[in-house]
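Subject: Structure for your review

Dear colleague,

Please find below the structure that I am handing over to you.

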Amino acid sequence: MTAPPDSPSENPTPDESRLSTLSKALLRISASLDLETVLREVIDGARALTGAKDGCIVTIDGTGEPQDFITSGMTEEEHRQIEQWADGQQMFRHLRDLPGPFRIADFATFAQSLGMSWEFMLSRACMCTPMHHLGAHVGNFFLGDKQGEKEFTDEDEEALLLFAAQGAAAIVNARTYRAEQRARADLEALVETSPIGVLVLDPHTGQPVVLNREARRLVEVLRTPGRAIEEMIEAVTCRLSDGREIALDRLSLAQRLKSAETLRAEEVVLSTADGRSVSALVNATPIHAEDGTVESVMVTVQDLAPLEAIDRMRAEFLGMVSHELRTPLAAIKGSTATVLGTPQSFGPAETRQFFRIIDEQADRMSGLIGDLLDAGRIDTGTLSVAPEPAEVGELVEQARTAFLSGDGRQTVHIDLPADLPRVMADRGRIVQVLNNLLVNAARHSPESVPIRIVAERDGMHAAVSVVDEGRGMSPERLARLFRKYGGAGDGGPGVGGGLGLAICKGLVEAHGGRIRAESAGPGQGSRFTFTVPLAEEAGDETGMVQSRRAAARRTGEQPRILVVDDDPQMLRFLRDALLGEGYAPLVAADHHQLAEVLEAEKPVLVVLDLVLPGTDGIELMETVPGLADLPVIFISGYGRDETIARALEAGAEDYVVKPFSPTELTARIGAALRRRTEPDPFVLGKLAIDYAHRRVTLADREVELTATEYDLLRVLSLGQGRVATYDSLLRQVWSGRSHANPKLVRAYVKRLRRKLGDDTTKPTYILTERRVGYRMPRRDEV
């Protein structure tokens, strides 16, 4: 029976079939905004249109470099071979720059004609098609081996050109969507973790639509457990800055929100009948729709409790300072009043006793004033030290003598190793640190229990500890022990406690060291440990600066330190500090040129501001080629533990909190360079590396390595726990060798693993980070 003329044919023509396939493919690539899904649908659609056996799609970034790589119709092994092809990058650049579609009858012959290898049993015939969107190059298709051993045709090219244009648009849309989603996620994370409470209110009901973590915390302070937020409003009273008290349920909040009033820095106290309260600084801004109506209200609420606590601690601190100064003044006044107000004369012995009291109390006042001045210099970053080589034993003995000749009543036991190297220390300042720690230990220990001073080598530093068996302390107090006001209000001994420890922290950090306190808890004693850099092994008695300058005279070159900061005053300050210490400073205010500066100037270390316009130092370490290969010291006004930990986890060598003294920064730079040039021996399980003698042992058996194998192992071990990318390894191990490529890295890693007895399927020492590079595990991973 013949079909009606207007019914579709049961056997569509090739053009109709191709058009149907094209329509279905276009629908599929438009159905999703997930970038990986779109890329896979695009390459699958291209194969379906042309009947290709297999294919891949490569997208490019703004600089023309490969970004995404998706294959279709290939096994995992074939995908890996293409991805790791040594000449893949060179071939891609050649085909990428072709103006239009390009058909290749025999890909192996074509590759050999360009001087490249092709050693895989994959596609013989190939067709490449570029993808453009609004004049921008988005990427390329690569299709291979048409089904049935046929060649690609002109019709295939025409269909692919049409499909490529739509595919490019879909890819750009998916990229834009992903960028928007990431920006939204970043903004949401920023708002959610903000220390300021953020609320978005419905202007019609006054009810909160969005609350961040801090806002929820403040609400929980006032909300009665088991009751809704709406019920909380009925029980809360608001006291305004002018003294008026208004119940929130009578405030007509919805009406005020509708009136689009903007609130700026209104200080309020929210309280409940049972005594719970929150003091807050409130700002409110209406968000208008296009027609001018208020569609939401953004409210920020800053909890004033921490600021009030600081004010209390400051007031208590000033009270303690006044008390401490008043005590010696009273003794001095009493002595002078006795001598001047008594009609009879005193004998020489009695007169000397009064003078002795006046002299001792004047010294006490001088010490207190000196502490206050030191604390001020630490706050402003103007505290300076003059390090020189010194024996730890001599410093400890001076501190013990000063302690015992003062009010010290406890016995001090000293336990120092005989081979402890000399340290770079300002003798008077380190003795001051030790004396402060001894006085602190004595204040919290019984007189019958001795205090111990112990020391050991800790990498490129000496770690000195003052240990007591006294009252100990809770973890909460440990966290604020070295703050200037940390001891205020906690039953501490006054200015000599919290301020003395704060000064210890400033003095130790000015030397480029660190200080910490440990305690197992109340009643378990305490251990205060600080570190000081070791003196240079060259034994130059004139100090590190003279050593660097002498080396510069011999080699004609000073160590280059790159400083990146957008503050011109800070750049000048750091440049002058580095020049004075024998370095050759390079300063840059624009981080956009960082990659070019690193390539051209070859600095040995980078001092990098954490917060820069439009980015931050951690992001630069992840994106700027070569930066993560160098020791990086962050400088920042942010001193929160989480921020410092995040920077160090990103690979930073050190972190210095502003303000800081020039001495502290240059000491940290010197310590960082010594760690790079003279690292401690590396030990990981049975593997040991003696960097000083370029010797590698496995289970005490020496491993013979070539120079390149050793350099590769050295780079991986010095970055233990961090991933070394292919690019990073090529820069650090094969720098300047034109033949170097990721395939060469993989070959050397394979040889290293074989010599270290590593199982390639489950390695112990060199771990693979797929498509990124390699890393050596941390000690706790082995």
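The notes that follow describe what was found in the structure.

This is a predicted model, in which local features need pLDDT of at least 70 and side-chain atom pairs count only at pLDDT 80 or more, while totals for chains, interfaces and linings use all residues. Residues are numbered from 1 along each chain as its sequence is written, and side-chain values use heavy atoms, with hydrogens and water left out.

Overall picture and confidence

The protein has 782 residues, of which 42% are buried (buried means under 20% relative accessible area, exposed over 50% and partly exposed in between, with a 1.4 Å probe and protein chains only). It contains 24 helices and 33 strands; these are DSSP runs numbered from the N terminus, with H or I over at least four residues for helices and E over at least two for strands. Of the contacts between residues at least 6 apart in sequence, 63% join residues at least 24 apart, a contact being heavy atoms within 4.5 Å.

The mean pLDDT is 81, and 89% of the residues reach 70 or more; pLDDT is the predictor's confidence in each residue, from 0 to 100. Over residues 537-544 pLDDT stays under 50, and the model has 12 contacts beyond four places in sequence for them. Residues 549-556 also stay under 50, with 7 such contacts.

Helix 4

Helix 4 covers residues 88-96, and its buried residues are G88, M91, F92, L95 and R96. Viewed down the helix axis, these residues fall within an arc of 130°, so they line one face of helix 4. The arc is that of the directions from the helix axis to the C-beta atoms. The buried residues pack against strand 1 (52-60), strand 2 (66-72), strand 3 (102-104), helix 5 (107-113), strand 4 (126-133) and strand 5 (136-146).

Cysteines

How many disulfides does the structure hold? There are 0 disulfides, a disulfide being a pair of cysteine sulfur atoms within 2.5 Å. For C56, the nearest cysteine sulfur is that of C126, 7.8 Å away. The sulfur of C128 has its closest cysteine sulfur in C126 as well, at 6.7 Å, which is too far for a bond. C56 counts as buried at 9% relative accessibility, and C128 counts as buried at 2%.

Strand 6 runs antiparallel to strand 12 (residues 294-303), joined to it by 5 bridges; two strands pair if DSSP finds at least two bridges between them. Within strand 12, V301 is the bridge partner of G197. Strand 6 is also antiparallel to strand 7 (residues 208-211), through 3 bridges, and L201 stands opposite P208 there. Strands 6 and 7 form a hairpin with 6 residues between them, and G206 in the turn has a positive phi of about 80°.

Strand 18 pairs with strand 19 (residues 526-533) in the antiparallel sense over 4 bridges, and I515 has F530 of strand 19 as its bridge partner.

G406 lies in the loop between helix 12 and strand 14 and is partly exposed, with a relative accessible area of 43%. Its C-alpha atom is separated by 9.6 Å from that of V439, 33 residues apart along the chain. N440 belongs to helix 13 (residues 427-443) and is buried, at 7% relative accessible area. Beyond residues up to four places away in sequence, N440 touches L501 and F528.

With kind regards
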